[in-house]
Amino acid sequence: MTRHLITASIAGLIAATPALSHYGMIIPDDPMISQEDGRSVGLTMSFSHPFELAGMPLETPVAFSVTHEGATTDLLGQLQDGTVMDEQGYTLQYPLDRPGTYVFAMEPQPYWEPAEDAFIIHYTKTYVTAYGDDEGWDTELGLKTEIVPLSKPFGLWEHNVFQGIVKLDGQAVPYAEVEVEFFNEGASATVPDDLMITQTVKADANGVFTYAPPSDGWWGFAALNTADYTLTDAGSGEDKAVELGAVIWVHFEDWTGQ
């Protein structure tokens, strides 16, 4: 499907939000690995404005892991330095030894954002399926905050809806605000107004949100909540609020010609 114009296509309540939203990003080179694709997946990690393709420096994460068949493996020491959108990021080539779903998750260091007068911590994850086995697609990691998928987070056609539950400290967040943005690879998409770059959908009373993207490609979902603690800004010495983001990246496939 042509991406020259991104328009709203949402099942739920939508409101426009300012551009230049921040997103933690974990982008696999392929979310569905077959036997013909090889025996590994390449991952690129960054902290960026995905639609504008504007990077920000990603310091060494606090944690980076993969969960498969109920076992979580620390991968922090395996990350390789990389440049993503002209800023510091990381890459990893991870071997896929067995079939099933692999959930990659990253906890970054707190990022000080003067424009918001707050720190930002985005708990970010993405799901990769290997060798035709989708077992574990709804895995919940127990992160400080996360989006637990109710729709399989891979193998979706464009215009399919994606549903997830926003959780904070293991509990659903009623009416959570979820920002949605397209990863504009190749800078092929344009919008009629900057207010449409980042879209917002609110979860229902059970913390469940629904979104149907207008285009194929990678889409990021970020559920934002304020932490019940503060961090000290080294510059001013003042205690500042902390924005906790539960971020998930989901790929939607092109329906054209199918």
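The model is predicted, so local features need pLDDT of at least 70 and side-chain atom pairs count only at pLDDT 80 or more, while totals for chains, interfaces and linings use all residues. Residue numbers start from 1 along each chain as its sequence is written, and side-chain values use heavy atoms, with hydrogens and water left out. Searching the whole structure turns up 7 salt bridges (a side-chain nitrogen of Lys or Arg within 4 Å of a carboxyl oxygen of Asp or Glu).

**Asp134 and Lys152**

- Asp134 and Lys152 join their side chains in a salt bridge, at 2.5 Å from N to O.
- Asp134 sits in the loop between β12 (118-130) and β13 (145-149), and Lys152 in the loop between β13 and β14 (156-157), so the pair ties together parts that are 18 residues apart in sequence. As for the labels, strands (E, at least two residues) and helices (H or I, at least four) are DSSP runs, numbered from the N terminus.
- Asp134 is partly exposed, at a relative accessible area of 30%, and Lys152 is partly exposed with a value of 30%. The classes go like this: buried is under 20% relative accessible area, exposed is over 50%, and partly exposed is in between, with a 1.4 Å probe and protein chains only.

**Lys144 and Asp169**

- Another salt bridge pairs Lys144 with Asp169, with 2.8 Å between the closest N and O atoms.
- This one links distant parts of the chain, 25 residues apart: Lys144 is in the loop between β12 and β13, and Asp169 is in the loop between β15 (162-168) and β16 (171-172).
- Lys144 comes out as partly exposed at 25% relative accessible area, and Asp169 is partly exposed at 45%.

- Lys240 counts as buried, with 10% relative accessibility, whereas Glu238 is partly exposed at 43%.

- Strands β6 (residues 63-68) and β7 (residues 71-74) pair in the antiparallel sense over 4 bridges; for a pairing to count, DSSP has to find at least two bridges between the strands.
- Ser65 has Asp74 in β7 as its bridge partner.
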